[in-house]
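Let's take a friendly walk through one protein chain. Have the sequence and the 3D view ready as you read.

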Amino acid sequence: MARSHIILTNDAPPPTSGYSQALRYGSLLATSGYLGTSPDGSGLVSGGFEAEARQALDNIKAVLEAAGCAMTDVIRVNVSLTDIKRFAEMDAIYREYFSEPYPTRNTIGVKELWGGAQVGFDVWAVVDAD
C-alpha cells in the first residue's frame, strides 16, 4: 500500500495551522487551497483581483514543482470566487497558466475567503511514479 508524502517548499506560503502544502499518494497529488498570499507568509499581495489570482496560481505552480510535476500534470482545479461575476476575468488569467487539454474544473461563488482574499485555487495532479 502506498504511503502519502508531504510536499513542502519555501516558494509557497508555509502552513500555519493543521494542513500540508500538498500530499502525494502514489501518483496522485492534492494541494491545499491557495490564495494570493505572499510566499513569505506576510499576507495577501497588493494589486487587487488580478494580482491575487496570479499569486495564487504561482503558489500552486511552486508546490507542483516541489513535487516533481508541472501545471500540465493537473487533472482537476477547484476555484472559489467571492464575486462570481469575476468568472471571465479569472478564466482569462487561468488560461495563461493552463493549456489544452484543460483540466476539469469546478468554480463556485463563496461568501468569503481567509484574510479578505477574492479568489482561491486548489488542484489535483498526476505525478510520474518513482
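The report below goes from the overall fold to the salt bridges.

## The overall fold

Keep in mind that this is a predicted model. The chain has 2 helices and 6 strands. If you read along the sequence, these elements follow the pattern β-β-β-α-β-α-β-β. With a radius of gyration of 14 Å, close to the 14 Å that the globule rule gives for 130 residues, the chain is as compact as a globular protein of that length. Its C-alpha trace spans about 45 × 35 × 20 Å along the principal axes.

How do parts of the chain meet? Of the contacts between residues at least 6 apart in sequence, 68% join residues at least 24 apart.

## Inside and outside

What share of the 130 residues counts as buried? The figure is 39%. The accessible surface of the chain comes to about 7,200 Å², and 50% of this belongs to carbon and sulfur atoms.

## Charges and salt bridges

Side chains of opposite charge can pair when their charged atoms come close. In this model, the count comes to 5 salt bridges.

## A link between the two helices

Which residue forms a salt bridge with Arg-54? The partner is Glu-96, and the closest N and O atoms of the pair are 2.8 Å apart. This pair links distant parts of the chain: Arg-54 sits in helix α1 (residues 48-66) and Glu-96 in helix α2 (residues 87-97), 42 residues apart.

Are these two residues buried or exposed? Arg-54 is partly exposed, with a relative accessible area of 23%, while Glu-96 is exposed, at 54%. Both residues also belong to a network of salt bridges that includes Glu-50.

## Two more pairs to find

Look next for Asp-91 and Arg-105, whose side chains meet in a salt bridge at 2.9 Å, N to O. Asp-91 lies in helix α2 and Arg-105 in strand β5 (residues 104-109), so this pair ties together parts that are 14 residues apart in sequence. Asp-91 has 13% relative accessibility and counts as buried because that is under 20%. Arg-105 is partly exposed, with a relative accessible area of 28%.

Another pair is Arg-86 with Glu-89, where the closest N and O atoms are 3.0 Å apart. Arg-86 counts as partly exposed at 26% relative accessibility, and Glu-89 counts as partly exposed at 32%.

Key
Residues numbered from 1 in each chain as written. Predicted model: local features only at pLDDT ≥ 70, side-chain atom pairs only at ≥ 80, totals over all residues. Heavy atoms only, no water. Helix = DSSP H or I, 4+ residues; strand = E, 2+ residues; numbered from the N terminus. Rg over C-alpha atoms; globule rule 2.2 N^0.38 Å. Buried < 20%, exposed > 50% of the residue type's maximum accessible area, 1.4 Å probe, protein only. Contact = heavy atoms within 4.5 Å. Areas by Shrake-Rupley, 256 points an atom, 1.4 Å probe, with all protein chains shown as cover. Salt bridge = Lys/Arg side-chain N within 4 Å of Asp/Glu carboxyl O.
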